[in-house]
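I opened a new notebook page for this structure. My plan is to look up a few places and write down what I find.

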Amino acid sequence: MQPKQRILSAPVYQPGKPIEDVKREFGLTEVIKLASNENPLGCSPKAKEAIQAQLDSLALYPDGASLQLRWDLADFHGVKPEQLIFGNGSDEIILMISRAYLEAGTNTVMATPSFSQYRSNAMVEGAELIEVPLKNGVHDLEAMATAINEQTRVVWVCNPNNPSGTIVKAAELEAFLQKVPKDVLVVMDEAYYEYVVDEDYPQTIPMLGQYPNLIILRTFSKIYGLATMRVGYGIATEEVINHLDHVREPFNTGSLGQAAARAALQDQEFVQKCSKHNREGLKQLTDRFDEWGLSYYPSQTNFILVNLNLDSDEVFTKLLQQGIIVRSGKALGFPGYQRITVGTKEQNEKVLQALGNILVAARK
């Protein structure tokens with residue numbers, strides 16, 4: 001069998017190691033996972049109740065248009081229901097965008113390092129990649145604007161950026177959008193939107209009226225704690241949503257996920273609790289990093305990218321042997337770094353103790 005040759009060079013996404021695999025590999029009974037930017041507080045109790053209420057309907061196909069969730073979100077964000085599209089996580093909407101707009105002979109502009117799925121999906125569609133290095137861990141929007149040419153169809157802006165955790169600020173984004181041609185789609189990937197506390201972070205939904213070539217991606221996988229339910233969504237003009245609906249798979253979000261997302265959306269008190277817990281956890285980590293003299297990127301997310309000045313994969317393995325799963329910076333384009341998800345206070349302390357021992361041993 002002969003596949004498309006270009007897909008063979010597209011990297012296969014490598015998620016964080018599963019807890020059960022680590023337990024078996026190292027003979028451990030307790031493992032903490034701080035690798036995939038999941039919410040350590042879980043999800044709203046209201047979401048669990050909503051899932052339970054759907055269990056007698058598992059034989060039925062879900063609502064392919066996600067109508068009830070669509071209405072709730074439209075009201076929550078102050079947009080028209082027709083301005084929303086839903087996906088099996090926001091990852092699938094990235095795939096839809098690539099399928100709808102990219103092909104051989106076109107190109108797409110993105111920062112590097114950034115979220116790997118922009119690159120992978122563009123490669124599958126045969127588009128040329130124009131990758132612009134981060135500047136001090138932040139998107140270099142001026143250079144990205146300069147890189148756009150007549151063949152550019154899509155520009156990706158991950159804000160906050162994964163894996164650096166940094167943000168593009170409102171004035172910078174506004175200046176960038178004014179430079180982007182109106183026939184080039186700008187994707188604002190805001191998966192970590194609800195974690196951001198910086199007052200200069202751009203509020204993009206009000207920008208849709210002025211910039212019809214903008215689409216905003218968000219998800220219920222992060223602060224809402226519904227990663228296993230796989231519900232992401234996009235907000236754009238009706239024209240852009242119509243383009244994406246032509247390549248959307250039927251029934252691409254399930255009834256359990258839709259019900260859980262609706263209930264989670266109504267529990268903003270839980271969201272605020274998670275945001276507060278996250279800022280406290282980040283401070284717990286960065287206070288220790290400051291004490292040790294380590295550099296790290298200022299994070300507006302639920303993870304921190306810290307430079308240990310040691311081989312990333314070796315540190316990753318040493319932590320793994322102690323039952324702590326993080327992400328090696330080498331795989332993310334930051335050799336010497338580790339990306340650590342903010343956990344509970346106890347989990348954070350455990351990873352700090354392990355890192356402290358590794359640093360002491362390395363300095364002997």
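In what order do the four strands of the open sheet stand? I read the order as 9-10-13-12, and the pairing is antiparallel.

Before going on, I noted the ground rules. I am working with a predicted model, where local features need pLDDT of at least 70, side-chain atom pairs count only at pLDDT 80 or more, and totals for chains, interfaces and linings use all residues. Residues are numbered from 1 along each chain as its sequence is written, and side-chain values use heavy atoms, with hydrogens and water left out.

I also wrote down my terms. Helices (H or I, at least four residues) and strands (E, at least two) are DSSP runs, numbered from the N terminus. Two strands pair if DSSP finds at least two bridges between them.

**Entry: the open sheet**

I followed strand 9 to its partner. Strand 9 and strand 10 (residues 303-307) run antiparallel and are joined by two bridges. Y296 stands opposite V306 in strand 10. Next I checked what packs on this sheet. Helix 10 does, touching strand 9, strand 10 and strand 13 (337-341). The direction of helix 10 makes about 10 degrees with that of strand 10. (Axes are lines fitted to C-alpha atoms, for helices over the stretch in contact; angles run from 0 to 180 degrees between N-to-C directions.) Helix 11 (residues 312-321) packs on the sheet too, touching strand 12 and strand 13. Its direction makes about 40 degrees with that of strand 13.

**Entry: V271**

I stayed with helix 10 (residues 268-292), where V271 is found. V271 has 2% relative accessibility, so it counts as buried. (Buried means under 20% relative accessible area, exposed over 50%, partly exposed in between, with a 1.4 Å probe and protein chains only.) Not counting residues up to four places away in sequence, V271 touches E194, I223 and Y224. Contact here means heavy atoms within 4.5 Å.

**Entry: strand 6**

Is strand 6 (residues 185-189) enclosed or open? Five of its five residues are buried, so strand 6 is largely enclosed by the rest of the structure. L185, V187 and D189 point one way, and V186 and M188 the other way.

I then looked at its partners. Strand 5 (residues 152-158) pairs with strand 6 in the parallel sense over five bridges. C158 stands opposite D189. Strand 5, helix 7 (residues 170-179) and strand 6 make a right-handed β-α-β unit. (Right-handed: with the strands pointing away from the viewer, the path from the first strand over the helix to the second runs clockwise.) Strand 7 (residues 214-219) runs parallel to strand 6, joined by four bridges. There, L214 is the bridge partner of V186.

**Entry: K222**

I moved on to the loop between strand 7 and strand 8 (232-235), where K222 lies. An unreviewed UniProt entry annotates K222 as "modified residue: N6-(pyridoxal phosphate)lysine". K222 counts as buried, because its relative accessibility is 15%. Leaving aside neighbours within four places in sequence, its contacts are S36, N37, N39, A191, Y192 and Y195. A polar atom of the K222 side chain lies 3.5 Å from the backbone oxygen of S36.

**Entry: G209**

Last, I checked the loop between strand 6 and strand 7, where G209 is found. G209 counts as exposed, because its relative accessibility is 74%.

Note on methods. UniProt positions are given in the numbering used here, feature names are shortened, and annotations may be inferred rather than shown by experiment. A polar contact is a pair of N or O atoms within 3.5 Å; within protein, one must be able to donate a hydrogen and the other to accept it, and residues adjacent in sequence count only if both atoms are side-chain atoms.
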